[in-house]
Amino acid sequence: MLLVTTAVARSSLRIAALRQHMPIAKTLLSLVLTSRWNIYNGDAMSRGMATRMTTTTSKSKENKTPTSRKSTARARKSSKTTTRAISPKEKAIIAKEQKKARAAQRAAVARAKARAKTEAKNERLIARKKAAAERKKQAREKAKDKARALQLKQRERKKAEKEKEAARAERQRLAALRRPLLKRPKSTWQIFLQEFMAKHKSEHGPTSLPESARLAKVELVSLPQSQLDRLQKLRDADKARYKEDIQKLLETRGVDGILEENKRVRSLKKVRGSGRSFFVRVPGLPKRPGNAYGFFLKDATTLFPEARSMPITERARFLGDRFRALSVDDRRKYDDSAKHALDQYFTDKKKFFAEAKEKYGSDATASP
């Protein structure tokens, strides 16, 4: 009982002190001290009475007189009267204070929980704000990267367009430079293919050149002789036109102008790698002869008849091996033929330029 009362008093004092109720704390202190003193005195008196009762009971057992019974009863009565009981008012005050203490403790716990909840809420709010700020930062960085990539892509597109435009301009310039002085005469096949493609386009729509050539070849085989004669006349007329144009070009530019134009076209062909040439063949100009291997190829059909049935690549490899395997005496014949033909070429070329100078009144700039 003493320990419980002390604990309750201490808790009440702490709560009252925390809530700064000093008058209640003083009242409780006086009550607690009084109750503790009474309890202590009662305990001491009860202990003394217990010792006296033990002695009297022992004596009463020996004597068994009625005086001993009266003395023990008086002792018990005196021990009961010495312990003062707590009044109902004090009990009410203590109960009220304990109730206030429990309420204050519950309120403190509730405040602590509310404070912890508020702190957790604030932490979550701060975390959400940080996450939102990080997302915004990442979005800004992503937008910057996207804008940078778009700008780079636009820059590359503009650069590609400029390069494409420059390439187109270069092609146009080179096409203008490579434009031939004269339009070459067309063959019978070229005339027929041009007419067939125009007719087929008007009837069936445009088609590719290989497909048109395949269809035109089939139709050309079945053409009547009258149509073939007509195509032959058109080819002869185009050749006559070409000869007239050559003659006019020789009269206006001379042989040296035509050769310079051919030289320019040849340089453009080397630079651009064009497979088609636009050389103007000067009529009467001697053609440069081949080398020793060219003269060997003229006799290869009679020397090696088995090469006729070979594919062109295999035939070239076969004849090349045979030419390299020739002896010195056998090869000297072809070397002498090539040298004689080259000497004759230079002689004919000098003669041609001399006659062109007298005829057209122009000095040939190209050396013979």
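A salt bridge here is a side-chain nitrogen of Lys or Arg within 4 Å of a carboxyl oxygen of Asp or Glu. By this rule the predicted model holds 9 salt bridges.

**View 1. Confidence along the predicted chain.**
This is a predicted model. The protein chain has an average pLDDT of 76, and 69% of the residues score at least 70. Helix α10 (residues 312–324) has the highest confidence, at 90. Helix α2 (residues 22–63) has the lowest, at a mean of 48. Residues 1–5 fall below 50, and this stretch makes 2 contacts beyond near neighbours in sequence. Residues 362–368 also stay under 50. For residues 362–368 the model has 16 contacts beyond four places in sequence.

**View 2. Helix α7 and its buried residues.**
Helix α7 spans residues 225–252, 28 residues in total. From first C-alpha to last, α7 reaches 41 Å, close to the 40 Å expected at 1.5 Å a residue. Its buried residues are L231, D238, Y242, D245, I246, L249 and L250. G254 follows α7 and has a positive phi, near 85°.

E195 forms a salt bridge with R230. Their closest N and O atoms are 3.0 Å apart. E195 sits in helix α5 (residues 188–204) and R230 in helix α7, so the pair links distant parts of the chain, 35 residues apart. E195 is partly exposed, with a relative accessible area of 33%.
R241 and D238 are 3 residues apart, about one helical turn. R241 is partly exposed at 25% relative accessibility, whereas D238 is buried at 15%. In helix α11 (residues 328–360), D329 and R332 are likewise 3 residues apart, about one helical turn. D329 and R332 form a salt bridge, with the closest N and O atoms 3.0 Å apart. D329 is exposed, with a relative accessible area of 55%. R332 is partly exposed, at 41%. Shared partners join the salt bridges of D238, R241 and D245 into one network.

**View 3. Helix α9 and its buried side.**
Helix α9 (residues 292–303) has 12 residues. It reaches 16 Å from its first C-alpha to its last, close to the 16 Å expected at 1.5 Å a residue. A292, F295, F296 and A300 are the buried residues of α9. These residues cover an arc of only 160° around the axis, so they lie on the same side of α9.

The whole structure has 9 aromatic pairs. One of them joins F296 and F323, with ring centres 5.2 Å apart. Their planes stand at 50°, so the pair is tilted. F296 belongs to helix α9 and F323 to helix α10, so the pair ties together parts 27 residues apart in sequence. F296 is buried, with a relative accessible area of 0%. F323 is buried too, at 8% relative accessibility. F352 and F353 form an edge-to-face pair, 5.8 Å centre to centre, with 70° between the planes. Both F352 and F353 are buried. One aromatic cluster is formed by Y293, F296, F304, F318, F323 and Y334.

Technical notes:
Residues are numbered from 1 along each chain as its sequence is written. This is a predicted model: local features need pLDDT of at least 70, side-chain atom pairs count only at pLDDT 80 or more; totals for chains, interfaces and linings use all residues. Side-chain values use heavy atoms; hydrogens and water are left out. pLDDT is the predictor's confidence in each residue, from 0 to 100. Helices (H or I, at least four residues) and strands (E, at least two) are DSSP runs, numbered from the N terminus. Contact means heavy atoms within 4.5 Å. The expected span of a helix is 1.5 Å times one less than its number of residues. Buried means under 20% relative accessible area, exposed over 50%, partly exposed in between (1.4 Å probe, protein chains only). The arc is that of the directions from the helix axis to the C-beta atoms. Rings of Phe, Tyr and Trp (its six-membered ring) pair if their centres lie within 6.5 Å; planes under 30 degrees apart count as stacked, over 60 as edge-to-face and the rest as tilted.
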